[in-house]
Amino acid sequence: MNNEERVADIDWHQQIKHRITTIEELSKFINLTESESKALGTNSRLRMSITPHFLSLIDKNDSNCPLRKQAIPTSQELNFSEDDLSDPCGEEIDMVVQGLVHRYPDRVLLLVTNLCAMYCRHCTRRRLIGQKETSLTQEQLDIAYNYIRKNKKIRDVLISGGDPLMLSDEKIESIIKSLRAIEHIEIIRIGTRTPVTMPTRVTPKLVSILKKYHPLYMSIHFNHPKEISQETKIACEMLADAGIPLGSQTVLLKGINDTPKIMTNLMHELIKIRVKPYYIYQCDLASGTSHFRTTVAIGLKIMELLRGHTTGFAVPTYVIDAPGGGGKVPVAPEYVISRSRGNVIIRNWKKEIYVYPENKQPRVSREGILTEKEVR
Ligand code: SF4
């Protein structure tokens, strides 16, 4: 490790060391609201962790700050709705060996750790995170690799958690290298939020490791344009320069990003830092998160106001992860109005109606193919 790398390496360890985890520490920086104090009070079972970086982005004078709401618990988290589920995406049902979820025939999800730099208040996997911090042991990883090795249909592995970039460089390399050694694995993906919550984790050394194992993709969890700090821009630039295609995953969150204006702004900021908007998720039914859920109608309105109003590849797919393990289901405004007798009636983003004729095979005359006029 050269000196530059050593300096880069120090910051993220300092970020972890100085994470804010108690009400006493947090109160030194922010005047907590009654609701926040109640959630963090004595015997609180809500685990909190905020990196100094993310804390620096929070507006300390605004209890409605969209970043504050994602980082600091409120008493609303203590309420449970009848729709709440502890495992909203049904991952436990499809867990074939410890940490390995095999739902779709050709791909798997490998949950390598439950550590995160910050514990997001809306987290889908809150059943796993924020308890005792733990990662898969080498033995558990070997069992997962064996499963993948034996199932030759698996061509894609998504490494997630928690946040896999919380592991050491050596551990990350060991995992990716082991997966790359499996012949039928075509692509490896990493799901992470550290470029947002602790961007200095993206060190030159980490990048030099990752780029050895292409094709390697990264999905980064972004929820608000304010999350795109200068440090995050640099982190994404380093990853993109290393040839790692970057995609975003965004959770639709009530009072945080549930307006067309904020979402459009976020998508525009993402493409400026070379992150392709990938998914907007309808907020899952994780326990204690009902205050973050908004309606599907609002999600559809946002999609309606993205499509046609901005660059095509800035428009992500809006999905609902079907409760209980049904997988991701795309939901979109209706653009096909009807289909009948060889005509498809469609409407565009301006709500103008068009007819697309289909399935009209040209008839062949004795002289050859009929002209367009003759077909009609
Ligand atoms: S970083 Fe991801 S896994 Fe960790 S708490 Fe946030 S949403 Fe959950």
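## Legends for views of a predicted model

**View 1. Contacts across the protein.** Among the contacts in the protein that link residues at least 6 apart in sequence, 73% join residues at least 24 apart. The model shown here and in the views below is a predicted one, and its protein contains 13 helices and 15 strands. Taken along the principal axes, the box filled by the C-alpha atoms of the protein is roughly 85 × 50 × 40 Å.

View 2. Of the 376 residues in the protein, 49% are buried. The accessible surface of the protein comes to about 18600 Å², and carbon and sulfur atoms account for 53% of this surface.

View 3. Ser219 has its place in strand β6, which covers residues 216-221. Because its relative accessibility is 7%, under the 20% limit for a buried residue, Ser219 is counted as buried. When residues up to four places away in sequence are left aside, Ser219 touches Ile190, Gly191 and Thr192, as well as Gly247, Gln249 and Tyr278.

**View 4. A nonpolar patch on the surface that includes Tyr356.** Four residues, Val336, Ile346, Tyr354 and Tyr356, form this nonpolar patch, and together they have about 370 Å² of accessible area. One of them, Tyr356, has its place in strand β13, which is made up of residues 353-357.

Note on methods: Residues are numbered from 1 along each chain as its sequence is written. This is a predicted model: local features need pLDDT of at least 70, side-chain atom pairs count only at pLDDT 80 or more; totals for chains, interfaces and linings use all residues. Side-chain values use heavy atoms; hydrogens and water are left out. Helices (H or I, at least four residues) and strands (E, at least two) are DSSP runs, numbered from the N terminus. Buried means under 20% relative accessible area, exposed over 50%, partly exposed in between (1.4 Å probe, protein chains only). Contact means heavy atoms within 4.5 Å. Accessible areas come from the Shrake-Rupley method with a 1.4 Å probe; for residues, only the protein chains shown count as cover. Patches are made of residues with over 30% relative accessible area and no salt bridge: like charges are joined within 9 Å, nonpolar side chains (Val, Leu, Ile, Met, Phe, Trp, Tyr) within 5 Å. A salt bridge is a side-chain nitrogen of Lys or Arg within 4 Å of a carboxyl oxygen of Asp or Glu.
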